[in-house]
Each structure stands twice: as C-alpha cells, then as structure tokens.
Amino acid sequence: MKILIIGSSGQLGKSIKKIVEHKKNKNSHKFDFVFTGRRELDLSQISSIKSYFDKNKFDVIVNCAAYTSVDKAEVNEKQANQVNHLAVKEIAKIAKKNNMSLIHISTDFVFDGLKVKPYIETDNTLPLNIYGKTKLDGENALLSLMKSNAIIIRTSWVYSEFGNNFVDTILNLTQNNTELNIISDQIGTPTYAHDIAQTILNILESEKFIFGDMPTKIYHYSNDGECSWYDFALEIINILGIECTINPVNAKDYPLPAKRPKNSLLSKDKIACEFDLNLNFWKDSLKVCLKNL
C-alpha cells in the first residue's frame, strides 16, 4: 500500500516520519510511505495540487498540513482559507476520483468552547475565529465529497520536539524571564504529536481501514486528562526543574487577535473503542517529549 503524507515539515508529519524510519530500520513496516512538503506539493496553489496528483498515484493520503497561525489567520483569511478549506476540497475530489482513502487532521477550534463537558463528534460546531472557520469549511467540503473511505481526526494543543509549539515557547521564554503570566481559564488537553502519529499508523494498519468502503467518519483524539495552559506551563518547568514563577491570568487580561474557546476538551471514547487504542496521560507524554528534547 502506497501512502502519501502531506505536510512532512510540520510537527505531525515529522513525527510520523520518525516512527516510520524507526520501523524501517527494523524491517517491520509493510507500507510504502512518501513524505511531501510545500516544495513538492504547495497547498496554496490549486495548480500545484492537480499537477502533483497527475504525476503521482497513491492508495491513501494523510493530510497533516494546515495553516495553523491562529492569530495571523485573522488578517490572512484568504491564505488560511486556501490551505485549510479549498486545498482540502481539491484533495478530496482527487481522492474520490482515483479511489484513494483519505485521513485529514482537523482541530478542536471548530467548537465555541461553551460546553461544560468534553465535546463529542456530533456536537454542534461554531468556531470563534478564522482559523477554526476555515478548518470547519475544510471538514464540510470533505464530508460532502467523500461519503466513504475518509476519516477526519480532530485534535488539540499539539506539541512535539519539532518546530514551534507551546512547549518550545515556554522553554524559550524561561531563558530570559524569571516570571511568566499564563492563561488559566482555557481548558483542554495537550497532545504529543508522536502519540497522534502512532494512532494514525495504527488506523492505517487496521483491517477496518485497509479493506475500505467504510463510511466517512469524524473522530476526536488527544492525550488523556485535562489542564489549563497555566497547568501545562507549570508542568513543563517542574519536570525540567527550571526556576521560573508562573502566574495564572485570565484570557480577558491577555488579549490576542483571535478568540479562543474556554473549553476544548475532546471525548476520545469513539476512536479508542473502534480502533482499540490505549490513551497516554498528558503528563506522561510530556515527560517523554522533554526527554527527547
């Protein structure tokens, strides 16, 4: 089975590649993976997408690429819409036409955050910002085009040892600051990119997915447990023994261009049950990531 990973330079793409290369070294992977970045496949250009798939054929596409600059999306709506919506629509068209399966990564930001309990897949969506809106438009385009052989995985607060993310930001800030103010009234679950990468590979290896013709579904995935950004930052410095005072602040006292949901907890019961997954607790995965750093 030939599998294309779109977004090889991002956190998730790099995490998938790291696992695949480790298995390849052990001769324990049965799939042929192709990793592509913006140079080979530019999602900001429909012509680039069409040209790439005219020349290359796959059994499965895994789309890890996205315009993820939440605040910049507020002023770059056209660019965010192109990558998060129109490009996804074009990929779904091509996948359907060529009988390819598709796994697409989406976000907790499709919700407004007003629910008290964790969000399930069928809850109403109402994004608060342009990033969330464009990601939801991408979801809806995919769902309208592919009634089968596609999976949408919504995830949250992704971090890794690669690239820019909350862990990287905290580590950089603590180098020059002995005190930080971190938002404490937004709740969610950090997700280690390695864990969602492994989950995607488990899905690819499952008989349910391999033999196809399964109805298109939405799943939620993150690590287990819950915390605020304040809790997350506190855990990072505690694990590493960094001397820095972390002060809890409310989101209203720390205004950003894009509004964030107060609660973005996701229920993982559906994906855990259907693919027999064991979810790692967020603190345990954070320790692994920091050790890898």
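In this predicted model, β1 and β3 pair in the parallel sense over 4 bridges. That pairing belongs to an open sheet of 6 strands, ordered β2-β1-β3-β4-β5-β10 and paired in parallel.

- Leu4 stands opposite Ile61 of β3, and Ile61 in turn has Leu102 of β4 as a bridge partner.
- The strands β3 and β4 run parallel and are joined by 4 bridges.
- Between β1 and β2, which also run parallel, there are 5 bridges; Lys2 has Asp32 as its bridge partner in β2.
- The open sheet, in the order β2-β1-β3-β4-β5-β10, has β2 (32–36) and β10 (217–220) as its edge strands, each of which pairs on one side only.
- From one strand to the next, the twist averages 20°.
- Strand β3 is covered on both faces: Val60 and Val62 are buried on one side, and Ile61 and Asn63 are buried on the other.

**Helices packed on the sheet**

- Helix α2 lies across β1, β2 and β3 (60–63), and its direction is at about 160° to β1.
- Helix α6 (residues 193–205) also packs on the sheet, where it touches β1, β2, β3, β4 (101–107) and β5.
- The direction of α6 makes about 160° with that of β5.

**Nonpolar cores**

- The largest nonpolar core has 33 residues, and the members that touch the most others are Ile6, Leu43, Phe53 and Ile61.
- At least two residues of this core come from each of β1 (2–6), α2 (46–55), α3 (77–97), α4 (130–145) and β5 (150–155).
- Helix α3 supplies the largest share of this core, with 8 residues.
- Apart from this core lies another, of 30 residues, which includes Phe35, Ile153, Ile203 and Phe275.
- With neighbours within four places in sequence left aside, Leu43 is in contact with Ile6, Ile49, Asn63, Ala65, Gln82, Val83, Ala87 and Ile91.
- In soluble globular proteins, nonpolar side chains tend to be buried together.

- Two packed helices are described by the angle between their axes and the distance between the axes.
- The axes of α5 (residues 166–176) and α8 (residues 229–240) come within 10 Å and cross at roughly 60°.
- The helices α5 and α8 are therefore oblique to each other, and their crossing is right-handed.
- On the α5 side, this contact is made by Phe166, Val167, Ile170, Leu171 and Thr174; on the α8 side, Trp229, Phe232, Ala233, Ile236, Ile237 and Leu240 take part.
- Helix α8 also crosses α10 (residues 282–292), with the axes coming within 11 Å at an angle of roughly 50°.
- The pair α8 and α10 is therefore oblique as well, and this crossing is right-handed.
- In the contact between α8 and α10, α8 contributes Asp231, Phe232, Glu235, Ile236, Ile239 and Leu240, while α10 contributes Trp282, Lys283, Leu286, Lys287 and Leu290.

**Residues with positive phi**

- Trp157 is not a glycine, yet it has a positive phi of about 45°.
- The position of Trp157 is in the loop between β5 and β6 (158–159), and Trp157 counts as buried because its relative accessibility is 9%, where the limit for burial is under 20%.
- Asp276, likewise not a glycine, has a positive phi of about 50°.
- The loop between α9 (269–274) and α10 holds Asp276, which is exposed, with a relative accessible area of 68%.

**Surroundings of Thr155**

- Thr155 is part of strand β5 and counts as buried, at 6% relative accessibility.
- Residues up to four places away in sequence not counted, Thr155 touches Ile105, Ser106, Thr107, Asp108, Thr191, Ile196, Tyr221, Ser222 and Leu266.
- Thr155 and Thr122 are 33 residues apart along the chain, and their C-alpha atoms are separated by 15 Å.

Notes: Residues numbered from 1 in each chain as written. Predicted model: local features only at pLDDT ≥ 70, side-chain atom pairs only at ≥ 80, totals over all residues. Heavy atoms only, no water. Core = buried A, V, L, I, M, F, W, Y, C linked by side-chain atoms within 4.5 Å. Buried < 20%, exposed > 50% of the residue type's maximum accessible area, 1.4 Å probe, protein only. Contact = heavy atoms within 4.5 Å. Pairing = 2+ DSSP bridges. Axes fitted to C-alpha atoms, helices over the stretch in contact; angles between N-to-C directions. Parallel < 35°, antiparallel > 145°, perpendicular 65-115°, else oblique. Left-handed = near helix turned anticlockwise from the far one by under 90°.
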